[in-house]
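Subject: Handover of a structure and a summary of what was found in it

Dear colleague,

Please find below the structure that I am handing over to you. I would ask you to keep it open while you read the remarks that come after it.

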Amino acid sequence: MKYQIDPVLQTMHEQHIVQVSQGLLERKDIIPMWFGEGDKITPKYVREAAIKALEEGDGFYTEKRGRLSLRRAINDYQKRVFNSEVGEDRISVLSSGMSAIQLLFQMILSGQEADNDNIIIIAPIWPNAASVATYRRAEIRYCLLEFGDNGLSLDFNLLESMIDNNTRAIFVNSPNNPSGWMLTHNEIQDLLGLSRRHGLWLIADEVYNRLTYDDEVAPSFLPYAGGDDLVIIVNSFSKAWAMTGWRVGWLVHPHFVSEELNKLIEFNYSCVPGFVQQGCLAAIELGDEFISELVSYCDAARGVCLKHIGDLSGVEEFCYPNAGFYLYFRVGFRGACDDILGFARSLADDGGVGLAPGSSFGPHQEGWLRLCYARNTSDVEEAFHRMGKFFAKY
Ligand SMILES: Cc1ncc(COP(=O)(O)O)c(C=O)c1O
């Protein structure tokens, strides 16, 4: 036989978040808290802007890195909310945060096994960045956050000790999925220093930077990273504007990669559809009120989680969710520690609560489960009631 399927692709498996829900997605009796999305739909004015554009014939190819009007609006938004003006030339609109990461790894990793590229990923973390890097033949070096009395923290000495000549990037996701951990302003500056000292790419995934409970926004690289810094910030319309299915994100990057991104976008999907961009324009210009409402909505659900989590039998620890919309907690049952995927699977199938297993988020996550609480409080109450009954069996 002459046909070939990439051998590395063949060795890869579907994410555990996907495996846990396989065959169960149609089950209406399961409360679906496994994926990174809630039950609120995209704001009306966003939907209407896209429909209007489509009805007016906005169905042609558009600029590769996104329409100037949208890139300008993103620049204004960042100025308004993060007090940072990078200029539209350093902004590229891409087809989702996921695809942005995919393109970035196409850009900075050679894709050749013989080159021994490695990237350092601060974990626990949403799994897809590691998957793309693995697919691009890079070794993944996980720098695990340490769990202590004050929650999770980053050990800079450990991080720096992992860097060698073949390290191509440090990837950090703050606010973090699954744990809600956030970098401080000082840590952002320290990471920037590390990137400058080592001449290393720093990829900052900030897709949850609006979903914070004590401050209006999370500390961001935006005001710190200059146009010559090797820093790329990933953002997305998915979470803060409830647009997961629209598949649009954006990057803030140095000027000198714009041309490279143009090429990669051309090879991958050519452009983000124009009418979708018109929806995004409405979201970024008019969406601040929606975001405040979404944060209050999630905060109420977070309150339910915090009320019950301490009383749930078997729960040994949890990460206090300062940001994002996830509760990450560890159960100590034997079965769960040995096979958290199997445990999450039976919790969904028999217990009626769909959660993501910790094994999705990096090494040494035995016993950990992630619950997405971006839902109405009665669902969250009911989920805790069901978990109480299910955990009592262990
Ligand atoms: C940390 C993080 N980064 C990026 C993404 C990708 O978002 P999207 O591809 O929907 O824009 C997600 C989605 O769950 C995420 O949790």
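The following paragraphs describe the structure as a whole and then some of its parts.

The model is a predicted one: local features need pLDDT of at least 70, side-chain atom pairs count only at pLDDT 80 or more, and totals for chains, interfaces and linings use all residues. Residues are numbered from 1 along each chain as its sequence is written.

**Overall form**

The protein has 14 helices and 15 strands. Helices (H or I, at least four residues) and strands (E, at least two) are DSSP runs, numbered from the N terminus. The radius of gyration is 21 Å, close to the 21 Å given by the globule rule for 394 residues, so the protein is as compact as a globular protein of that length. Here the radius of gyration is taken over C-alpha atoms, and the globule rule is 2.2 Å times the number of residues to the power 0.38. Along the principal axes, the C-alpha atoms fill a box of roughly 60 × 55 × 50 Å.

Of the 394 residues, 48% are buried. A residue is buried if 20 or more other C-beta atoms lie within 10 Å of its own, exposed if 12 or fewer, and partly exposed in between, with C-beta atoms placed from the backbone. Among contacts between residues at least 6 apart in sequence, 76% join residues at least 24 apart. Two residues are in contact if their C-beta atoms, placed from the backbone, lie within 7 Å.

Strand E9 (residues 231-236) has 6 of its 6 residues buried, so it is largely enclosed by the rest of the structure. Val231, Ile233 and Asn235 are buried on one side of E9, and Ile232, Val234 and Ser236 are buried on the other. Strand E8 (residues 201-205) runs parallel to E9 and is joined to it by 4 bridges; Ala204 has Ile233 in E9 as its bridge partner. Two strands pair if DSSP finds at least two bridges between them. E9 also pairs with strand E10 (residues 249-252), in the antiparallel sense and over 4 bridges, and Ser236 stands opposite Gly249 in E10.

Strand E2 (residues 91-94) pairs with E10 as well, antiparallel and over 4 bridges. The bridge partner of Leu94 in E10 is Gly249. Both faces of E2 are covered, with Ile91 and Val93 buried on one side and Ser92 and Leu94 on the other.

**An open sheet**

In another part of the chain, 4 strands form an open sheet in the order E11-E12-E15-E14, with antiparallel pairing. Its edge strands, E11 (315-319) and E14 (356-357), each pair on one side only. Strand E12 (residues 326-331) and strand E15 (residues 368-372) pair over 5 bridges, and Tyr328 has Arg370 in E15 as its bridge partner.

**Helix H6**

Which residues of helix H6 (residues 128-135) are buried? They are Ala129, Ala130, Val132 and Ala133. These residues cover an arc of only 165 degrees around the axis, which puts them on the same side of H6; the arc is that of the directions from the helix axis to the C-beta atoms. An α-helix has 3.6 residues a turn, so residues three or four places apart point the same way. The cover over the buried residues of H6 includes helix H5 (97-108) and the strands E3 (118-123), E4 (139-144) and E7 (167-173).

**The ligand**

The ligand has 13 residues around it, of which Gly36, Gly97, Met98, Ser236 and Ser238 come nearest. A residue is near a molecule or strand if its C-beta atom, placed from the backbone, lies within 6 Å of it. The shell divides into 3 nonpolar, 9 polar and 1 charged. Ala, Val, Leu, Ile, Met, Phe, Trp, Tyr, Cys and Pro count as nonpolar, Asp, Glu, Lys and Arg as charged, and the others, Gly among them, as polar.

**Details of the backbone**

The peptide bond from Ala123 to Pro124 is cis, with omega near 10 degrees, and Pro124 lies in the loop between E3 and H6. The bond from Ser174 to Pro175 is also cis, with omega near -10 degrees.

Arg247, in the loop between E9 and E10, has a positive phi near 60 degrees. Ser270 has a positive phi of about 75 degrees although it is not a glycine, and with 12 C-beta neighbours inside 10 Å it counts as exposed.

Yours sincerely,

A colleague
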